[in-house]
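Here is a colleague's note on the structure shown below. The points are grouped by region and can be checked one by one against the coordinates.

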Amino acid sequence: MPVKSLGNPFAVVDRRVGVVIITWQRRDEALAAVHRLRELPERPAVVLVDNGSTDGTAEAVRSAYPDVEVVALPENLGAVGRNVGVARLRTPYVAFCDDDTWWEPGSLARAADVLDEHDRLALVNARIVVEPGGADDPIVGELRDSPVPGPDWLPGPALGSFLAGASVLRREAFEQAGGFSERLWLGGEEELLATDLLSLGWELCYLPGLVVHHRASALRDATHRRRVGLRNTLWFTWLRRPFGAAVRRTLFLARSVPRDRTSALAVADALRGLPWLVTARRPRPAIVEARLAPLDEAQRRSTARRYVG
C-alpha cells in the first residue's frame with residue numbers, strides 16, 4: 001500500500017513495487033539509472049545487480065546510494081542477474097530496469113494498480129520511448145497491434161512475449177515459471193519465460209499508459225548480441241514449439257538472417273546445445289501454441305526484430 005514519505009511529505013512510497021537493475025561495465029550509466037529511480041514519486045526499493053564489472057560500478061553505487069542494495073556477482077550471469085535481484089526483494093511486484101532505461105514518474109504505481117485488479121495477470125509491458133527525440137521505439141507498434149487473442153478482462157492487448165527492461169511482473173508468477181533461463185544468458189531470453197508463464201495459465205499484456213525511456217548505451221557489442229540472440233531464438237524454437245512449427249521457423253531464419261560469420265557462429269553455438277535440447281525439450285500446450293501461432297506471421301513482417309548488427 002502506498003504511504004507518505006516522512007522525509008518528503010509530497011512523495012508517496014509505494015511498497016508494492018521494487019526495481020531490479022542489471023548492469024555490466026557501465027558505472028556512469030548505472031549511477032544515472034539509480035539516481036532516476038530514487039527521484040521517482042513511488043520511492044521504490046531498488047536492487048542493483050552488478051554482473052561482474054571491473055570498472056568499480058558496485059563500489060560507486062554503494063558509496064553514492066547507501067540505501068540501495070548492491071549485489072556484486074563474481075561473473076556475468078546475464079539475465080539471471082534479474083533472478084538474483086528478484087530474490088532479494090519482498091515486494092509483490094517487481095519492475096525491471098536496464099542501466100540505459102528509466103521509468104516515467106507514476107508508471108510503477110499505475111502498473112501495481114492494474115496488477116492488483118487482475119490476479120491472473122503476470123506481467124505488464126510499458127510503451128518504450130527512444131531518447132533523445134522522444135519517438136516511440138519501432139517495437140511499440142507491434143505491442144500495440146499484437147495479434148495474440150486474449151481474455152476479455154485483459155486491460156490491454158495480449159502479448160506472447162515482452163521486453164524485460166520495460167516490464168513490471170508479479171513475483172509469484174515469475175517464481176512459479178522459474179525466472180530467466182541460465183542457459184540463454186542474455187538476448188531474447190524473454191520469449192521462453194513468456195511461453196512458460198502462458199503455459200501455467202498466466203496472462204501478459206501491453207499498457208500504453210506505462211512509459212519507459214530508453215537511451216541506447218554506446219557501450220554495447222551489437223555483433224555479440226546478435227550472435228546470442230539468434231542462438232537463443234533457435235533454442236527457444238526447439239525447446240517449446242511442436243516439430244512442424246519448429247522446422248518452419250528454422251527455415252525462415254535460414255533464409256532471412258545475414259549469411260555472415262556472426263550467423264554461422266550463432267548456428268554453431270546452437271548446435272553445441274543439442275544434447276541439452278534433447279533432454280529439456282517440452283513443447284508448449286496445444287492451446288498456447290494455437291494462441292501464439294499468429295505471431296509467426298507478425299515476426300516475419302517485423303522490421304524491429306531483424307538479426308542484423
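Helices and strands in this note are DSSP runs, helices of at least four residues and strands of at least two, numbered from the N terminus. The model is predicted.

1. Trp-185. By that numbering, Trp-185 falls in the loop between H6 and H7. Its phi is near 65 degrees, a positive value in a residue other than glycine. Most residues other than glycine have a negative phi, and most peptide bonds are trans. Trp-185 has a relative accessibility of 26% and therefore counts as partly exposed, the class between under 20% and over 50%.

2. Gln-25. A second residue to look at for its backbone is Gln-25, with phi near 60 degrees, again positive and again not a glycine. Gln-25 sits in the loop between S3 and helix H1 (27-38). With 26% relative accessibility, Gln-25 is classed as partly exposed.

3. Cis peptide. Which peptide bond is cis, with omega near -5 degrees? The bond runs from Glu-131 to Pro-132. Pro-132 belongs to the loop between strand S8 (121-130) and strand S9 (135-136).

4. The model has six aromatic pairs. In one of them, Phe-96 and Phe-174 have ring centres 6.0 Å apart and planes at 65 degrees; the angle is over 60 degrees, so the pair is edge-to-face. Phe-96 is in strand S6 (residues 93-98) and Phe-174 in helix H6 (residues 171-177), so this pair links parts of the chain 78 residues apart. Both partners are buried: Phe-96 has a relative accessible area of 0%, and Phe-174 has one of 4%.

5. A further pair at Phe-96. The rings of Phe-96 and Phe-180 have centres 5.8 Å apart and planes at 50 degrees, so this pair is tilted. Phe-180 lies in the loop between H6 and helix H7 (190-199), while Phe-96 is in strand S6, so the pair ties together parts 84 residues apart in sequence. Phe-180 is buried as well, at 2% relative accessibility. Together with Phe-162, the residues Phe-96, Phe-174 and Phe-180 form one aromatic cluster.

6. Arginines over rings. Which residue lies over the face of Phe-96? Arg-82 does, at 5.6 Å from the ring centre. Arg-36 is placed over the face of Trp-102, at 3.8 Å from the ring centre.

7. Asp-14 is in strand S2 (residues 12-14). With a relative accessibility of 3%, Asp-14 is buried. The side chain of Asp-14 makes a polar contact of 2.7 Å with the side chain of Arg-16. Ile-21 is part of strand S3 (residues 17-23) and is buried, with a relative accessible area of 0%. Between Ile-21 and Leu-73, which are 52 residues apart in sequence, the C-alpha to C-alpha distance is 13 Å.

8. The cavity. How many cavities of 30 Å³ or more does the structure hold? There is one, and the space in this largest cavity is about 90 Å³. Its lining consists of 13 residues, and those closest to the centre are Glu-191, Phe-236, Arg-241, Arg-284 and Gln-299. H7, H8 and helix H13 (294-301) each give at least two residues to the lining of the largest cavity. By class, that lining has three nonpolar, five polar and five charged residues.

9. The second largest pocket. This pocket holds about 380 Å³ of space. Of its 21 lining residues, Leu-234, Trp-238, Thr-250, Val-267 and Ala-270 are the closest to the centre. Two or more lining residues come from each of helix H8 (222-240), helix H9 (243-256), helix H10 (261-272) and helix H11 (274-280). H10 supplies the largest share of the lining, five residues. The lining of the second largest pocket divides into 16 nonpolar, two polar and three charged residues.

10. For checking. The backbone points to look at in the model include the positive phi of Gln-25, the positive phi of Trp-185 and the cis bond from Glu-131 to Pro-132. Among the side-chain points are the aromatic cluster of Phe-96, Phe-162, Phe-174 and Phe-180 and the contact between Asp-14 and Arg-16.

Conventions
Residues are numbered from 1 along each chain as its sequence is written. This is a predicted model: local features need pLDDT of at least 70, side-chain atom pairs count only at pLDDT 80 or more; totals for chains, interfaces and linings use all residues. Side-chain values use heavy atoms; hydrogens and water are left out. On a 1 Å grid over the protein atoms alone, a cavity is a set of points where a 1.4 Å probe fits but cannot get out, and a pocket is an open set with protein on both sides within 12 Å along at least five of seven lines; lining residues have an atom within 4 Å of a point. Grid points are joined across faces, edges and corners, and a volume is the space filled by probe spheres set on the points. Ala, Val, Leu, Ile, Met, Phe, Trp, Tyr, Cys and Pro count as nonpolar, Asp, Glu, Lys and Arg as charged, and the others, Gly among them, as polar. Buried means under 20% relative accessible area, exposed over 50%, partly exposed in between (1.4 Å probe, protein chains only). A polar contact is a pair of N or O atoms within 3.5 Å; within protein, one must be able to donate a hydrogen and the other to accept it, and residues adjacent in sequence count only if both atoms are side-chain atoms. Rings of Phe, Tyr and Trp (its six-membered ring) pair if their centres lie within 6.5 Å; planes under 30 degrees apart count as stacked, over 60 as edge-to-face and the rest as tilted. A charge sits over a ring if NZ of Lys or CZ of Arg is within 6 Å of the ring centre and within 35 degrees of the ring normal.
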